[in-house]
Amino acid sequence: MTILLLCNHFPPVVDGVGDYTYRLANALADLGLTVHVICRKQNPVAFATNFTVHPVIQNWGLSGIRSVLTVIRAVKPGWVGLQYVPYAFQRRGLPFFLPDFLQQIRQTGARVWVMFHEVHIRFWGIKSTIIGVLQRRIARRLCQAAHSVTTSSDFYRELLAGFHPGIRVIPVGA
């Protein structure tokens, strides 16, 4: 089976989700799966001998979707896993394009899962409340577009509980 993972930055860039994706890709490849990772264009990129990295995204958003879909169509993965943090995919933390993008990925025949490393910011003031509510709406739409949803904590699972049945928790250590 072929798995394709989507993340923003990738090692050696310091990024917790990128590091998680690197380790996940290695673990899946060690199980005998064919693994591909799509990330932002960066120099250098930590390449591994047991999986393939495609640094093809100049900027996440509508302009980057074509390059990702081109790789997905060429690789033909059984599953595409989005490693989600709101601010990784849009500098204001509002990646409105992502749910529709997941629908386009589904149209390629791949199954989609989302790993929520974060859901939304907390509601402290007016600005954070507005952003948090919008991020929550994006999270709901991502859940609706996904075949499977995982997250790293029971707290996040509770935040997402009404959006998708059977959300799995995979603890992520520091």
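This is a predicted model: local features need pLDDT of at least 70, side-chain atom pairs count only at pLDDT 80 or more; totals for chains, interfaces and linings use all residues.
Contact here means heavy atoms within 4.5 Å.

- You'll find His36 in strand β2, which covers residues 34–40.
- His36 is buried, since its relative accessible area is 12% and the cut-off for buried is under 20%.
- Leaving aside residues up to four places away in sequence, His36 touches Thr2, Ile3, Leu4, Leu5, Thr52, His54 and Val75.
- One of those neighbors, His54, also makes a side-chain polar contact of 2.8 Å with His36.

- As a rule, nonpolar side chains in soluble globular proteins tend to be buried together.
- In this model, the largest nonpolar core has 42 residues, and the ones with the most contacts inside it are Leu6, Leu82, Tyr84, Phe101, Ile105, Phe116 and Leu160.
- Elements giving two or more residues to this core include β1 (2–6), β4 (79–84), α4 (98–106) and α5 (126–145).
- Apart from this one lies another core, of 18 residues, with Ile3, Ala25, Val35 and Val37 among them.
- Leu6 touches Val80, Leu82, Phe101 and Ile105, among others, not counting residues up to four places away in sequence.

**Helix α4**
- Leu98, Pro99, Phe101, Leu102 and Ile105 are buried in α4.
- Looking down the axis of α4, its buried residues fall within an arc of 160°, so they line one face of the helix.
- Those buried residues pack against β1, α2, β4, α3, β5 and α5.

Note on methods
Residues are numbered from 1 along each chain as its sequence is written. Side-chain values use heavy atoms; hydrogens and water are left out. A nonpolar core is a set of buried Ala, Val, Leu, Ile, Met, Phe, Trp, Tyr and Cys residues joined through side-chain atoms within 4.5 Å. Buried means under 20% relative accessible area, exposed over 50%, partly exposed in between (1.4 Å probe, protein chains only). Helices (H or I, at least four residues) and strands (E, at least two) are DSSP runs, numbered from the N terminus. A polar contact is a pair of N or O atoms within 3.5 Å; within protein, one must be able to donate a hydrogen and the other to accept it, and residues adjacent in sequence count only if both atoms are side-chain atoms. The arc is that of the directions from the helix axis to the C-beta atoms.
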